[in-house]
Amino acid sequence: MSDRGYINLIRHLTRTSSTLPLETLQASIAHYLARPALPVPGTPTPLVAAVLGSALFRPYTHSSLSALALAFRHAVHLRVGVLKEEAENRAGGFSLLSPRSVYVRAKLARWTGEVREGFAGSDALARLACAFGLLLGLEDWEEEMKIKDREAKVRARVEEEVVLALAEVVEEHASEGSGWEEDFRRTVGAQRQEDPLAVAVLLASQCAQCIATERLRALPLSTVADVLMTTIHRSFCGGSFLSGASSSTATDAEGRLIVSPSAAFAQAIGFVGSSPYMTSMASLARFVARALTVLVESRRSSGWEAITRVLARLQNLTSAVEKDWEKCPLARVSKDEEFSDNATREIATATWAILKTLLFTTLMISQSLLSAVVFVPNPHEEPTAPASPHAIALTVLHILASLSFVMPQFGGVASTSEGGLPELKRAFYMALDVLSASDIAAERFVSQLSRGSGVSEKGKGVDTLPRSLLDARKAFALACVEQLVPVLPEEAIQTHVYPLCAPHLSDPSHRETYESAHSVMLAVFAAHAQPSAVRESTPKRAPSFAEQLVPMYAHCLIENSTDGRLSSTQLSMAYAALVRSANSFGHGTRADGTESAEGDSMAWFCIKVLLDAIRAARASPSSPTSTATPSEHTHRLHLALVASVPSVSLDLLPRLLEAVESIIVPLSTADRRAVEMRDELVQALFKAVLRDVGDAEKGYVIGWWLENRAALSSERELPSKPARENSSELVARL
């Protein structure tokens with residue numbers, strides 16, 4: 001007896017329109033695919049053919065094809081349920097050699113083949129949607145059913161259906177047809193409302209990770225990557241979604257920003273944010289990355305050229321966004337209270353969501369491409385060729401620089417907090433590693449960064465830009481320069497790097513830029529100290545630029561030792577690094593391995609500046625009246641002095657340790673805070689003696705410690721903190 005529901009479904013599928021909603025049709029198709037009805041029991045092939053040939057889903061749109069794909073995916077789940085029920089009813093018909101799972105898997109494989117038979121002769125775009133849904137359905141059951149291993153041919157055939165259907169769509173629509181062909185399509189009603197290529201790659205992107213690499217190689221991957229980038233480019237309106245912001249915003253009487261929901265800018269943001277392509281941007285980006293990775297591994301020359309094209313389009317896209325952001329009123333808003341109403345606030349939130357999506361898309365593509373070019377040999381011999389690893393890394397860094405204003409939303413590239421974005425740091429540092437292999441490319445990039453950050457001869461128009469944008473650009477530039485300093489010549493350090501750092505060394509208003517500027521300065525000292533450390537005595541020479549900076553930076557660190565600037569840890573690490581680098585300057589080491597007198601002089605100069613600052617802090621009117629309990633600022637300087645102990649040579653150690661002892665011993669043992677300070681200094685000194693002092697100085701330092709441990713230890717413990725390791729216990733451990 002025939003199933004009336006099945007017959008009604010077939011009748012609806014043969015019409016050009018239906019009174020049934022799309023959701024009802026979707027559910028009915030999934031149901032009867034999983035439970036084929038009379039008069040053709042056991043095979044879903046006729047229904048598949050009827051669905052693919054139905055005019056109900058034309059013109060093909062993303063929503064209609066997604067409904068088809070979901071119907072086939074649900075059908076797989078329903079079919080597995082039916083087969084498991086059948087297996088339960090045949091409980092007596094199984095053995096150890098043929099368990100229920102084998103029965104279900106074999107029956108599912110046969111059913112999948114029958115579904116595929118219904119694909120024959122259908123439109124490629126509709127076939128792609130159905131094959132995509134079928135593949136995802138099988139993937140959903142992969143962990144339990146092990147179809148890839150046990151029914152490999154069935155799984156491979158479904159993957160091939162997706163690949164072949166996508167290839168047909170790309171071949172048909174990637175290049176414009178002749179005039180008569182377009183006329184024919186319009187005549188037969190095949191003209192679609194949505195771009196078929198965009199819909200096709202959007203569908204395929206959601207299952208591309210499920211397709212084996214050997215089958216993806218059959219696609220015209222270079223063309224597919226170009227189509228994907230076109231889709232991404234259009235999804236972000238070519239980077240122009242911010243262009244109408246200036247004309248669509250106003251301010252109220254209190255100076256707060258207003259954006260009307262009916263304004264052109266608000267409409268553009270709503271259109272971009274609600275697009276199905278935007279919600280599937282992660283899948284599109286992964287497909288671009290996978291397609292280019294497979295292409296460059298199988299056809300190197302074509303792959304490198306495709307990578308260059310994709311990155312060039314990403315650079316154009318991000319550059320357009322950056323230029324519009326410079327003029328966007330939202331760039332000048334730093335607090336939530338600066339919005340006039342909730343509607344404006346929601347538009348701003350939606351705008352930032354789109355910008356973050358663009359950053360994520362860029363990172364996903366860039367990271368995969370950098371990984372590919374690192375391990376795949378370059379087909380071009382010239383290191384400066386457009387498709388060379390250095391050129392690709394440089395393009396990636398320019399792309400990231402254009403989006404630097406978005407990075408503070410994730411803590412920036414130099415952030416060490418857990419809330420940072422690991423993908424951002426991975427792509428950023430990988431690009432810098434590749435670029436640093438070329439001194440010329442690295443120097444050119446630093447020059448471009450300094451000009452882009454306003455450190456140039458003219459600096460035209462920089463003052464008119466939003467402060468947040470300038471801070472983000474400079475923080476990004478400083479983070480890049482810090483990594484490239486070791487390969488930069490001294491001239492570049494003097495003309496580009498130092499002018500980039502100098503304005504921010506004493507300006508903690510933007511914390512990331514402030515800390516990055518100090519990190520760059522320490523990188524400069526470290527990079528210029530290493531080569532000279534292995535030099536033997538040479539004739540007198542003019543001091544390098546880094547050596548000339550030592551006095552200035554020593555005083556700069558002292559100025560930044562006050563509250564609200566460098567923390568105690570940062571100050572201690574920075575001053576120890578400065579002393580260590582200064583000790584390596586001059587003529588470096590003698591042939592016998594001992595430090596030169598010139599290096600000792602520069603190191604002791606830094607120590608003397610610190611000792612003078614300590615004396616000045618003690619004499620300050622704001623210091624406590626009791627000399628036995630120093631101020632917090634003075635204590636911070638004490639810690640910096642202790643941290644410098646491992647950084648000096650054996651010749652300077654006696655004088656420095658004498659100064660440290662003269663600071664620790666007079667500290668009060670009666671005042672609780674003074675005891676805490678004393679213990680903290682002893683702990684820091686103990687760590688320096690035990691772990692950080694070099695082998696040449698270790699013997700002297702241990703002897704000094706044993707001789708002075710009684711004077712360093714405090715005679716009184718604080719019973720309120722029994723778990724605290726006081727200075728007496730630390731002395732006893734050595």
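Of the 734 residues of the protein chain, 51% count as buried, where buried means under 20% relative accessible area, exposed means over 50% and partly exposed lies in between (1.4 Å probe, protein chains only). The structure is a predicted model, in which local features need pLDDT of at least 70 and side-chain atom pairs count only at pLDDT 80 or more, while totals for chains, interfaces and linings use all residues. Residues are numbered from 1 along each chain as its sequence is written, and side-chain values use heavy atoms, with hydrogens and water left out.

The average pLDDT of the protein chain is 85, and 85% of the residues score at least 70; pLDDT is the predictor's confidence in each residue, from 0 to 100. Over residues 587–595 the pLDDT is below 50, and this stretch has 28 contacts in the model beyond near neighbours in sequence. Contact here means heavy atoms within 4.5 Å. Residues 716–734 also have a pLDDT under 50, and the model gives them 37 contacts beyond four places in sequence.

The secondary structure of the protein chain consists of 33 helices and two strands. Helices (H or I, at least four residues) and strands (E, at least two) are DSSP runs, numbered from the N terminus. When contacts in the protein chain between residues at least 6 apart in sequence are considered, 75% join residues at least 24 apart.

Helix H13 (residues 221–235) packs against helix H17 (residues 281–298) at an angle of about 155°, with their axes 9 Å apart. Axes are lines fitted to C-alpha atoms, for helices over the stretch in contact, and angles run from 0 to 180 degrees between N-to-C directions. H13 and H17 are therefore roughly antiparallel to each other; angles under 35 degrees count as roughly parallel, over 145 as roughly antiparallel, 65 to 115 as roughly perpendicular and the rest as oblique. The crossing of H13 and H17 is left-handed, a term used if the near helix is turned anticlockwise from the far one by less than a right angle, with right-handed used if clockwise. On the H13 side the contact involves Leu221, Ser222, Val224, Ala225, Leu228, Thr231, Ile232 and Ser235, and on the H17 side Met281, Leu284, Phe287, Val288, Ala291, Leu292, Val294 and Leu295. By class, the contact of H13 with H17 has 13 nonpolar, three polar and no charged residues. In this classification Ala, Val, Leu, Ile, Met, Phe, Trp, Tyr, Cys and Pro count as nonpolar, Asp, Glu, Lys and Arg as charged, and the others, Gly among them, as polar.

The axes of H17 and H19 come within 9 Å and cross at roughly 15°, and H17 and H19 are therefore roughly parallel to each other. H17 passes H19 in a right-handed crossing. Residues of H17 in this contact include Met281, Ala282, Ala285 and Arg286, which meet residues of H19 including Thr357, Thr361, Met364 and Ile365. The contact of H17 with H19 comprises eleven nonpolar residues, four polar and one charged.

Thr361 lies in helix H19 (residues 342–375) and is buried, with a relative accessible area of 2%. Apart from neighbours within four places in sequence, Thr361 is in contact with Ile232, Phe236, Met281 and Ala285.

H19 also packs against helix H21 (residues 422–435), their axes coming within 9 Å and crossing at roughly 35°. The crossing of H19 and H21 is left-handed. The contact is made by Leu363, Gln367, Leu370, Ser371 and Val374 of H19 with Glu423, Leu424, Arg426, Ala427, Met430, Ala431 and Val434 of H21. The contact of H19 with H21 divides into eight nonpolar, two polar and two charged residues.

Backbone geometry was considered next. Most residues other than glycine have a negative phi, and most peptide bonds are trans. A cis peptide bond joins Arg58 and Pro59, with omega about -5°; Pro59 is found in the loop between helix H3 (45–53) and helix H4 (62–89). Lys146, although not a glycine, has a positive phi of about 55°. Lys146 lies in the loop between helix H7 (142–145) and helix H8 (147–150) and counts as partly exposed, at 36% relative accessibility. Cys237, not a glycine, has a positive phi of about 55°. Cys237 is found in the loop between H13 and helix H14 (245–248) and counts as partly exposed, at 29% relative accessibility.
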